[in-house]
Amino acid sequence: MSDAQNRRATRTDRAGRAFTAGFARSGRDDANGGGIRLGPSARIVTRVAEALDRHPALARWLFAGLANAPFVGRRLPVLVRAFLGATAFEIHDVDLAHGRIGIGGVDEVIFSSKFLEAFHRIIAEEAGSEARKTAALYRVGKEGGYWEVSEALAHGKWGPRPLVELIEAGSATEQLRNDPWMARFFAIVMKMVCRLIINEGGWGVVESLEVDVEPMRVTLSHSNEARWLAPSKEPVCALCAGVIAGYASRIFGRDLDAVEVACLAAGAPSCVFELHPGGST
Ligand SMILES: [Zn+2]
């Protein structure tokens with residue numbers, strides 16, 4: 001992979017957040033091994049998505065009406081609507097008759113952030129130790145996160161298709177190494193997924209998602225879980241770590257665990273999660 005390609009595979013938004021999916025040191029350009037390549041139309045989509053991402057206010061001004069239009073908007077994939085300026089709230093489906101909400105076929109419930117504190121405090125009391133509480137919350141987050149990605153893929157409403165194919169092939173790591181266009185596509189799509197699920201879900205702000213380093217790393221500022229649990233001597237974002245592990249395990253097709261190595265509640269500027277092979281930590 002050339003330096004120019006590497007630069008293109010690293011997308012940094014205006015706030016300086018890095019969403020990288022290039023593997024700068026692979027040195028390979030076309031040794032794809034017959035895997036999934038991003039076609040010409042998907043490359044155009046990638047360029048358009050990157051442009052819309054750089055100008056979210058303009059995108060919303062120009063296209064939010066279309067993204068949220070009756071009949072038209074509801075037929076568009078979740079991520080397309082998001083790039084056109086729709087928020088997660090506008091994209092949610094609300095079924096008043098059955099008391100259900102969801103986004104792109106993923107059934108949800110909404111509860112206040114106080115539940116985060118209550119989960120930690122009461123499960124610790126019931127489980128008898130901080131370690132057992134942390135393990136329980138982590139497992140809840142990991143199982144739930146894994147399920148969310150699986151549901152999103154199963155309903156086919158999130159799109160786009162190259163991403164679905166990439167994930168279902170179970171070889172995203174190799175594909176991203178070998179195809180700089182796929183790396184660009186993955187970076188811009190995952191940035192939007194983070195915005196919809198984490199930022200607009202009230203968990204905090206995903207500052208960076210680095211998959212071109214070993215171990216892969218996620219940086220989250222303003223963690224709501226940390227806000228409720230601060231101050232602490234140790235990282236506290238067990239539920240969030242589990243969710244990240246569940247998402248990463250499903251997306252990369254291998255069991256991954258998230259270790260929080262820095263935490264807002266413990267005095268760090270942001271929470272930082274490293275991803276390691278499952279069971280190795
Ligand atoms: Zn934290």
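Modeller: Two strands are said to pair if DSSP finds at least two bridges between them. Strands (E, at least two residues) and helices (H or I, at least four residues) are DSSP runs, numbered from the N terminus. The model is a predicted one, in which local features need pLDDT of at least 70 and side-chain atom pairs count only at pLDDT 80 or more, while totals for chains, interfaces and linings use all residues. Residues are numbered from 1 along each chain as its sequence is written.

Val-94 stands opposite Ile-101 in S4, and Asp-95 has Arg-100 as its bridge partner. The hairpin of S3 and S4 has four residues between the strands, and Gly-99 takes a positive phi near 65° there. In the hairpin of S4 and S5, two residues lie between the strands, and Gly-104 has a positive phi near 60°.

The whole chain has twelve helices and nine strands. Further pairing is found later in the sequence. Strand S9 (residues 271-277) runs antiparallel to strand S7 (residues 216-221), and five bridges join the two; Val-218 has Phe-273 in S9 as its bridge partner. S9 is also joined to strand S8 (residues 256-262), again antiparallel, by six bridges, and here Asp-257 is partnered with His-276.

Turning to the interior, a residue counts as buried if 20 or more other C-beta atoms lie within 10 Å of its own, as exposed if 12 or fewer do, and as partly exposed in between, the C-beta atoms being placed from the backbone. By that rule, 41% of the 281 residues of the protein chain are buried. In soluble globular proteins, nonpolar side chains tend to be buried together. A nonpolar core is here a set of buried Ala, Val, Leu, Ile, Met, Phe, Trp, Tyr and Cys residues joined through C-beta atoms within 7 Å. The largest one holds 71 residues, of which Cys-237, Ala-241, Ile-244 and Ala-248 touch the most other members. Helix H10 (residues 180-199) supplies the largest share of this core, 13 residues.

Contact means that the C-beta atoms of two residues, placed from the backbone, lie within 7 Å. Apart from its neighbours within four places in sequence, Cys-237 is in contact with Ser-223, Glu-225, Ala-226, Glu-260, Cys-263 and Cys-271. Among contacts between residues at least 6 apart in sequence, 60% join residues at least 24 apart.

Helix H12 (238-252) is mostly covered, with 15 of its 15 residues buried. Its end C-alpha atoms are 21 Å apart, which agrees with the 21 Å that its 15 residues should span at 1.5 Å a residue; the expected span is 1.5 Å times one less than the number of residues. Gly-253 follows H12 with a positive phi, near 70°.

Helix H8 (residues 161-168) has Pro-162, Leu-163, Leu-166 and Ile-167 as its buried residues. Seen down the axis of H8, these fall within an arc of 130°, so they line one face of the helix; the arc is that of the directions from the helix axis to the C-beta atoms. Arg-161, Glu-165 and Glu-168 are exposed on the other side of H8. Among the elements that cover the buried residues of H8 are helix H2 (40-54), helix H7 (130-155) and H12. Just after H8, Gly-170 takes a positive phi of about 70°.

Finally, Pro-77 lies in the loop between helix H3 (56-67) and helix H4 (78-83). Pro-77 is partly exposed, with 17 other C-beta atoms within 10 Å. Leaving aside neighbours within four places in sequence, Pro-77 is in contact with Lys-157, Trp-158, Gly-159 and Pro-160.
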